[in-house]
Amino acid sequence: MKNENWRFAAGLQFDVFSPGIPTVLPFSALAASGNAGNSFRGQIRLERFLRPADDIQWTLQAALSEPINSTISPEFRVSEDNGWPNVEARIALGLGYIEGAGLMARRPFEIGFSGVVGQLRTTDVNQQVVADVWGLSTDFRWKMTARVGLAGAAYTGQTLGTYNGGIPQTITVDPFNGIRSSGGWIETFYYRTPCLHSHVGWGLDDPIDRDLDDIVGTLGRTYNSTFFANLLWDVNQVFRVGFEFTWRQTNYRFLPDNDGPAFHTQFQWAF
C-alpha cells in the first residue's frame with residue numbers, strides 16, 4: 001500500500017540494511033565482495049517520504065525482518081531466530097530533480113545511513129549460544145555530470161553472513177560466536193551515449209582473521225575482492241546487451257590463496 005508520503009509492505013523483500021547495489025552483470029552483485037545487504041527475506045516494512053522542496057527528499061525506512069534466509073548458503077540453517085525478528089532502519093537524503101521513471105527513477109545525488117540489530121541462536125547436544133547480529137552501513141550515488149558519476153557503499157558489523165557480509169560466514173563452529181567483518185565497494189560510471197554506458201569498480205570483504213580460527217576444517221575465508229569493468233548497450237527500452245570482465249581474489253585462513261579472471265555476457269529482456 002502506497003501513496004506519495006507513505007509506503008507499507010509485507011512479504012519477501014530486499015533488505016533495508018545497505019541497499020546500494022553495484023552495476024554488474026551477475027545477479028550476485030558483489031555479494032561476499034563488499035556488497036552487504038541485498039539479500040531478501042520475509043519482512044514487514046514502513047517507509048515515510050518527506051519533500052521540503054521539489055528537489056529534496058528525505059526517506060525514512062524501518063522493518064522487522066526474518067533473521068535467517070536460505071538464499072545464500074544452506075549452512076545458515078544450523079542457526080535459528082531467538083524468538084524475535086531483526087530490526088532494520090535507514091535514513092536517506094536525495095538531492096536534485098527526479099530523473100527516469102518507474103524503478104529507474106532517481107535523483108542525481110543520494111546518500112543513506114542504515115543499520116540492523118538482532119540475534120541468532122545455535123544449539124547442539126552440548127551447548128546453546130546466542131550470537132548478536134549488528135551492522136552499520138552507508139551508501140551513496142552521485143551523478144556528477146550528464147555522463148559521469150560515482151556510487152558505492154561501506155559496512156561493518158558482526159554475524160552478517162545472511163546479509164552477504166563476512167564472505168558470507170556467520171558464526172564460528174565452537175562456541176558459535178558471531179564473525180566480525182567490514183567491507184565495501186565503489187564504482188564509477190560513464191555514459192558514452194544515453195544507450196551505451198560502462199561501469200568500472202572494485203569491492204572487498206574482510207572478516208577479522210582470528211574470528212575464523214574455529215571455522216570447520218580449513219575453509220575459513222579471510223579476504224575476498226572483485227574488480228569489474230563492463231560495457232552495457234541498451235538497444236531499446238526493453239532489450240539490453242552487456243559484456244563484463246572481472247578479476248577475483250580469495251584468501252583463506254590455512255588453504256592456499258586463489259585468484260583468477262572471468263568474462264560474462266548478458267542478454268536482458270525487460271517487460
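**Figure 1. Ala146, an exposed loop residue in the predicted model.** Ala146 has a relative accessible area of 64% and is exposed, in a model that is predicted. The loop that holds Ala146 runs between strand 7 (128-143) and strand 8 (148-158). Leu136 is ten residues away from Ala146 in sequence, and the two C-alpha atoms are 31 Å apart in space.

Figure 2. Nine residues make up the largest nonpolar core: Phe17, Ala36, Ile68, Val116, Leu120, Val133, Tyr155, Leu160 and Tyr163. Leaving aside residues up to four places away in sequence, Ala36 touches Phe17, Ser18, Tyr155, Tyr163 and Asn164. There is also a second, separate core of seven residues, among them Leu30, Ala151, Ala153 and Phe228.

Figure 3. A search of the whole structure gives one cavity of 30 Å³ or more. The volume of the largest cavity is about 30 Å³. Its lining is formed by Val24, Pro26, Ser28, Ala29, Leu30, Thr226, Glu244, Thr246 and Arg248. Strand 12 (residues 239-252) supplies three residues, the largest share of this lining. By residue class, the lining of the largest cavity has four nonpolar, three polar and two charged members.

Figure 4. Ala29 is not a glycine, although its phi is positive, at about 50°. For Ala32, also a residue other than glycine, phi is positive and near 75°. Ala29 counts as buried because its relative accessibility is 5%, under the 20% cut-off. Ala32 is buried too, with a relative accessible area of 11%. Ala29 is also one of the residues that line the largest cavity.

**Figure 5. The edge-to-face pair of Phe14 and Phe40.** Five aromatic pairs are found in a search of the whole structure. In the pair of Phe14 and Phe40, the ring centres are 5.6 Å apart and the planes stand at 70°, so the pair is edge-to-face. The angle decides this class, because planes over 60 degrees apart count as edge-to-face. Phe14 belongs to strand 1 (residues 6-14) and Phe40 to strand 2 (residues 40-53), so the pair ties together parts that are 26 residues apart in sequence. Phe14 is partly exposed, at a relative accessible area of 49%. Phe40 also counts as partly exposed, with 33% relative accessibility.

**Figure 6. The stacked pair of Phe243 and Phe263.** Phe243 and Phe263 form a stacked aromatic pair, with 6.5 Å from centre to centre and 20° between the planes. Phe243 lies in strand 12 and Phe263 in strand 13 (residues 258-269), so this pair ties together parts that are 20 residues apart in sequence. Phe243 has a relative accessible area of 39% and is partly exposed. Phe263 counts as exposed because its relative accessibility is 56%, over the 50% cut-off.

Technical notes:
Residues are numbered from 1 along each chain as its sequence is written. This is a predicted model: local features need pLDDT of at least 70, side-chain atom pairs count only at pLDDT 80 or more; totals for chains, interfaces and linings use all residues. Side-chain values use heavy atoms; hydrogens and water are left out. Helices (H or I, at least four residues) and strands (E, at least two) are DSSP runs, numbered from the N terminus. Buried means under 20% relative accessible area, exposed over 50%, partly exposed in between (1.4 Å probe, protein chains only). A nonpolar core is a set of buried Ala, Val, Leu, Ile, Met, Phe, Trp, Tyr and Cys residues joined through side-chain atoms within 4.5 Å. Contact means heavy atoms within 4.5 Å. On a 1 Å grid over the protein atoms alone, a cavity is a set of points where a 1.4 Å probe fits but cannot get out, and a pocket is an open set with protein on both sides within 12 Å along at least five of seven lines; lining residues have an atom within 4 Å of a point. Grid points are joined across faces, edges and corners, and a volume is the space filled by probe spheres set on the points. Ala, Val, Leu, Ile, Met, Phe, Trp, Tyr, Cys and Pro count as nonpolar, Asp, Glu, Lys and Arg as charged, and the others, Gly among them, as polar. Rings of Phe, Tyr and Trp (its six-membered ring) pair if their centres lie within 6.5 Å; planes under 30 degrees apart count as stacked, over 60 as edge-to-face and the rest as tilted.
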